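Subject: Handover of a structure

Dear colleague,

Please find below the sequence and the structure that I am passing on to you. My findings follow directly after them.

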Amino acid sequence: MLNLTTNQNIVHIKGSKFMYVWMLLATFGGLAACVFLIANGLKFDSKYSLFYLGGGILLSPVFLYLTLWSLPGFVPGKVLLSLTEGPNGSVKSKNKNIPFTSIKNIRFVRNPLNLINDIVIETYDGKITKIRTYNQLDDTDFAVLVDQYIYPHMNQDAKTVWDRHVNLDQLFEDAKYERKAE
């Protein structure tokens, strides 16, 4: 479940506790497993010791790389993005502020180099903004977030594009979310 805090008409989106635990297990757990494999491989007390050693040595740089990319997401209470509600609302992240009405397309994309999900916002003036989520935001939570807060204030063309991306039946099945009638 997504961690939302509301301050007046601003919604701050933080990662869910489940995703924090999931990322901790994936990154630090992978590193710990590599250290365990290397340590047991160096004992040479099994006929599989070379496999342990080789697997630990081969996988440790991968898990170290993924851990270093994910570290900024582990800051407690980190706000991934903020949404200002209403017809004059906007998406705010770090130093970027994008009005809902200028959004042409919004997607949730996994970066192939670091395996971290990014929110990619394309505006009508051709600018593309990437908001890093550090895998603290789930696909379903992202779809509900956009559909609930951003969708009602988007231009009709952007709504059409979003309707092609989102499956409302699946959202209802997964998150019990129904789009409010306009």
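Helices (H or I, at least four residues) and strands (E, at least two) are taken here as DSSP runs and are numbered from the N terminus. The model is a predicted one, in which local features need pLDDT of at least 70 and side-chain atom pairs count only at pLDDT 80 or more, while totals for chains, interfaces and linings use all residues. Residues are numbered from 1 along each chain as its sequence is written, and side-chain values use heavy atoms, with hydrogens and water left out.

Overall form

The chain has five helices and eight strands. Read from the N terminus, these elements follow the order β-β-α-α-β-β-β-β-β-β-α-α-α. The chain is more spread out than a compact globule, because its radius of gyration is 20 Å, well over the 16 Å that the globule rule gives for 182 residues. That radius is taken over C-alpha atoms, and the rule is 2.2 Å times the number of residues to the power 0.38. Along the principal axes, the C-alpha atoms fill a box of roughly 70 × 35 × 30 Å.

Of the 182 residues, 39% are buried; buried means under 20% relative accessible area, exposed over 50%, and partly exposed in between (1.4 Å probe, protein chains only). Where contact means heavy atoms within 4.5 Å, residues 24 or more positions apart account for 51% of the contacts with a separation of 6 or more.

The nonpolar core

A nonpolar core is a set of buried Ala, Val, Leu, Ile, Met, Phe, Trp, Tyr and Cys residues joined through side-chain atoms within 4.5 Å. The largest such core has 31 residues, and those touching the most other members are Leu83, Val91, Ile103, Ile106, Ile119 and Ile150. Two or more residues each come from β2 (10-14), β3 (79-84), β6 (103-110), β7 (117-123), α3 (139-150) and α4 (156-165). The largest share, seven residues, belongs to α3. Beyond its neighbours within four places in sequence, Ile103 is in contact with Val91, Ile98, Ile121, Glu122, Tyr124, Ile150, Met154 and Ala158.

The cavity

On a 1 Å grid over the protein atoms alone, a cavity is a set of points where a 1.4 Å probe fits but cannot get out, and lining residues have an atom within 4 Å of a point. Grid points are joined across faces, edges and corners, and a volume is the space filled by probe spheres set on the points. The structure holds one cavity of 30 Å³ or more, and the largest cavity contains about 40 Å³ of space. Its lining consists of Leu81, Leu83, Val91, Ile106, Ile119, Ile121, Phe142, Leu145, Val146 and Ile150. The largest share of this lining, four residues, comes from α3.

Individual residues

His12 lies in strand β2 and is partly exposed, with a relative accessible area of 22%. Leaving aside neighbours within four places in sequence, His12 is in contact with Asn3, Leu4, Thr5, Asn7, Val79, Leu81 and Ser82.

Tyr134 lies in the loop between β8 (128-132) and α3, and Asn135 is also placed in the loop between β8 and α3. Phi of Tyr134 is near 55°, a positive value in a residue other than glycine; Asn135 has a positive phi of about 55° although it is not a glycine. Tyr134 counts as buried at 9% relative accessibility, and Asn135 counts as buried at 8%.

With kind regards

Notes:
On a 1 Å grid over the protein atoms alone, a cavity is a set of points where a 1.4 Å probe fits but cannot get out, and a pocket is an open set with protein on both sides within 12 Å along at least five of seven lines; lining residues have an atom within 4 Å of a point.
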